[in-house]
Amino acid sequence: MISSDVVLEAKDLTVMFKSSSAGLLGKSTLFNAVENCDLSLKTGEVVSLVGESGCGKTTLGKTLIGLIKPTSGEVLYYGKDIWKLNGKDYAEFRRNAQIIHQDPYASLHPVKKVYDIISAGMRYHKLYSSETEIRKKVIELLTIVGLNPPEYFMNKYPHQLSGGQRQRVAIARAISLNPKFIVADEIVTMIDVSLRIGILNLLLELKKKLNSSFLFITHDFGVARYFAAEGRVAIMYLGNIVEIGPTDSIVNEPLHPYTKSLLSAVPVPDPFLAKTRKMIALRSIDPPNPVNPPPGCKFSDRCPYFIEGKCDKKSPELVKVGGNHYVACYLY
Ligand SMILES: Nc1ncnc2c1ncn2[C@@H]1O[C@H](COP(=O)(O)OP(=O)(O)O)[C@@H](O)[C@H]1O
Ligand SMILES: [Mg+2]
């Protein structure tokens with residue numbers, strides 16, 4: 001159930017990085033990995049963030065949970081700027097904002113047993129007073145994420161588990177503190193295709209149970225559509241959110257040429273949808289470069305609907321086009 005409370009809100013968020021490759025004069029250049037992003041998540045809401053590799057999804061996700069400090073703009077947790085919270089409130093925020101990373105091989109401490117990995121957060125935040133309670137909770141969590149029998153799995157090291165099992169451990173760790181907000185960052189990308197649906201369904205079940213809000217990051221529209229079927233999809237292009245709206249309306253009526261191009265690459269089982277969905281050809285197939293975007297709309301050098309004198313002048317802002325659907329494009 002989605003309530004009207006806003007758990008987390010990004011306001012005009014910009015994150016600037018130094019590019020690792022040196023520029024023409026041997027100097028590294030600054031660029032905006034995330035630029036002027038606004039996003040808010042209500043209790044129990046799922047927003048799926050979709051875009052090509054390198055467009056800033058992980059950076060936005062990490063900034064939302066306080067792992068990266070924005071260059072400008074604010075992240076508000078129940079209306080309060082997370083970078084201005086006092087010690088106690090900050091600890092509460094950290095407990096309530098969790099992330100599940102893409103790489104289940106790198107994200108779990110290699111020389112710690114599953115038991116210690118899952119219980120570390122509870123210990124740190126002193127959620128339980130005795131080892132007996134902690135053990136009970138670890139067993140409960142392992143059961144919930146489908147690692148049975150829990151007594152067997154809790155004594156394993158990450159290298160003794162498969163990718164899918166590790167991702168289940170990472171999920172158990174993330175939910176161990178009953179977080180209000182979870183960033184799931186490409187969590188099935190590195191998992192065997194045959195195991196993906198199981199992980200996605202587990203997470204959807206947990207979402208219902210915990211009523212947490214999710215930012216579900218993926219480069220795969222099909223996965224986004226499945227996970228955020230009852231939520232919203234946000235499309236990111238070179239650091240900007242270029243379209244955002246209810247999943248149904250984004251999938252059935254994509255407006256931004258970039259969204260259309262992403263969707264035309266997704267296989268559709270429904271012949272009606274397939275007919276209505278035109279293939280859209282990009283003017284350039286070069287991968288976009290975040291360090292040196294074209295002037296104006298960053299998609300203008302690839303866009304088949306490019307309007308000279310307009311799209312190359314000023315970046316379009318997100319405008320409401322009906323319902324809860326917004327798009328940043330001069331065509332609308
Ligand atoms: N810590 C960092 N320092 C400098 N550049 C970074 C850093 N992290 C990411 N980047 C760059 O910022 C851009 C966005 O990266 P990222 O958020 O990881 O994108 P995505 O998750 O969409 O693939 C990329 O060009 C990436 O190379
Ligand atoms: Mg990423």
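Reply: Helix α6 (residues 163-175) packs against helix α7 (residues 193-210) at an angle of about 10 degrees, and their axes lie 11 Å apart; axes are lines fitted to C-alpha atoms over the stretch in contact, with angles running from 0 to 180 degrees between N-to-C directions. The two helices are therefore roughly parallel to each other, a term that covers angles under 35 degrees. On the α6 side the contact (heavy atoms within 4.5 Å) is made by Gly 164, Gln 167, Arg 168, Ile 171 and Ile 175, and on the α7 side by residues including Leu 195, Gly 198 and Ile 199. This is a predicted model, in which local features need pLDDT of at least 70 and side-chain atom pairs count only at pLDDT 80 or more, while totals for chains, interfaces and linings use all residues. Residues are numbered from 1 along each chain as its sequence is written, chains are lettered from A and ligands numbered from 1 in the order in which they are written, and side-chain values use heavy atoms, with hydrogens and water left out.

Turning to strand β7 (residues 181-185), five of its five residues are buried, that is, under 20% relative accessible area with a 1.4 Å probe and protein chains only. Phe 181, Val 183 and Asp 185 are buried on one side, and Ile 182 and Ala 184 on the other. Strand β6 (residues 97-100) runs parallel to β7 and is joined to it by four bridges, with Phe 181 as the bridge partner of Ala 97. Five bridges join β7 to the parallel strand β8 (residues 213-218), where Phe 214 stands opposite Ile 182.

Methods. Parallel < 35°, antiparallel > 145°, perpendicular 65-115°, else oblique. Buried < 20%, exposed > 50% of the residue type's maximum accessible area, 1.4 Å probe, protein only. Pairing = 2+ DSSP bridges.
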